[in-house]
Amino acid sequence: MKRLFSLLLTALLFLESVGLAAAAAIPTMQEKLEATERAAYGEVQTGALLDRLAHLEKDFSTANPRASVMERTDALYAIMLENEGGPSLVTQMNAIEWALTQEVSMDSIQKRVGDMEIKLQGRPSEGSYRQRIDVLAQDAFGSKDIPLIAGVAPANTLIKVLTVTPINAKNLKAGDRIEFQAAEDVVEGGRLLFAKGAPGYGTVKKVKQARNFGRDAEVNIDFQALRAIDGTDVEVLLGQESKEKMESMAMAAGASLAGMALLGPIGIIGGVFIKGKNVDLPAGTEFYIQTKNETSLYGLSTSLDSGN
């Protein structure tokens, strides 16, 4: 066990820091529609634009026939994903799912609502998803008003995560998406900020295969964001606090840090680097990341203690 932990930590600490990607541009109408459909149904829908809008409006009770196509798309996107006028449907569903199961899934609103109804009632309900979410909120909290509180996630908040995508130099190439998820809840000041199971993503920047004469395999990954309880993609990095946490874990496990190189003043997991071997970290590999900046978001009021 100690040897396995030492090997894992060596893999995570032989790293090269990679900068975060530039801030995303404002999404187009098409991008907003596709993001709304992925959140609602798990995938982008096919067919005529007006038919797709009408389908969403029926399912989420937002019909406004006098509005333009752009206005209808904006309204659906805001209700589903934005928190400016109050918690979005994704935020509400995250809170309900966590209250009932103590974690959140990476599934669509459609699947999550149906799964919760089957667990509670034995069968899916009828009506729009907005109506059904209100009923689930009543079951979870005794009211359709979910106890979400506006606040901030502090910079450098530590988050324990685990890989969803296996990290293997033989199977990856530059540009591939890497998925991971929160391994445990993160609570600050009585507010749940990140729920166990919350999805995160990164991008492979460079891959080198192991070669003869001890030449090293290398995979450089930019771990970019983790989704908060309110649906905000919070920028993350693997920096000094992450390094110190993993060092303390290694010492607690009795693993030796001898020969581990810490490259760069702030980055320790920009990539993965194992001398003379293939990089091979299976799904479920745990490590720590941290928030890059202070970020405004809604948190779910909870009596859980703060700290990792």
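Me: How do I read strand pairing here, and how many bridges join strand β2 to strand β4?

Reply: Two strands pair if DSSP finds at least two bridges between them. Strands are DSSP runs of E with at least two residues, helices are runs of H or I with at least four, and both are numbered from the N terminus. In this predicted model, β2 (residues 158–163) and β4 (residues 177–182) run antiparallel, joined by 3 bridges. Leu162 stands opposite Gln181 in β4.

Me: Which residue in β7 is the bridge partner of Gln181?

Reply: That's Pro199. β4 pairs with β7 (residues 199–208) in the antiparallel sense too, over 5 bridges.

Me: Before we go on, how are the residues and values set up?

Reply: Residues are numbered from 1 along each chain as its sequence is written, and side-chain values use heavy atoms, with hydrogens and water left out. As the model is predicted, local features need pLDDT of at least 70 and side-chain atom pairs count only at pLDDT 80 or more, while totals for chains, interfaces and linings use all residues.

Me: How many aromatic pairs does a search of the whole structure find?

Reply: Rings of Phe, Tyr and Trp (its six-membered ring) pair if their centres lie within 6.5 Å; planes under 30 degrees apart count as stacked, over 60 as edge-to-face and the rest as tilted. The search finds 3 pairs. One of them is Phe180 with Phe223, edge-to-face, at 5.5 Å centre to centre and 70 degrees between the planes. Phe180 sits in β4 and Phe223 in β8 (residues 217–227), 43 residues apart, so the pair links distant parts of the chain. Together with Phe287, Phe180 and Phe223 form one aromatic cluster.

Me: Are Phe180 and Phe223 buried or exposed?

Reply: Both are buried. Buried means under 20% relative accessible area, exposed over 50%, and partly exposed in between (1.4 Å probe, protein chains only). Across the chain, 44% of the 308 residues are buried.

Me: Which residues of α4 are buried?

Reply: Arg72, Thr73, Leu76, Tyr77 and Met80. An α-helix has 3.6 residues a turn, so residues three or four places apart point the same way.

Me: What covers the buried residues of α4?

Reply: Contact means heavy atoms within 4.5 Å. The cover includes α2 (29–41), α3 (49–60), α5 (89–101) and α6 (109–121).
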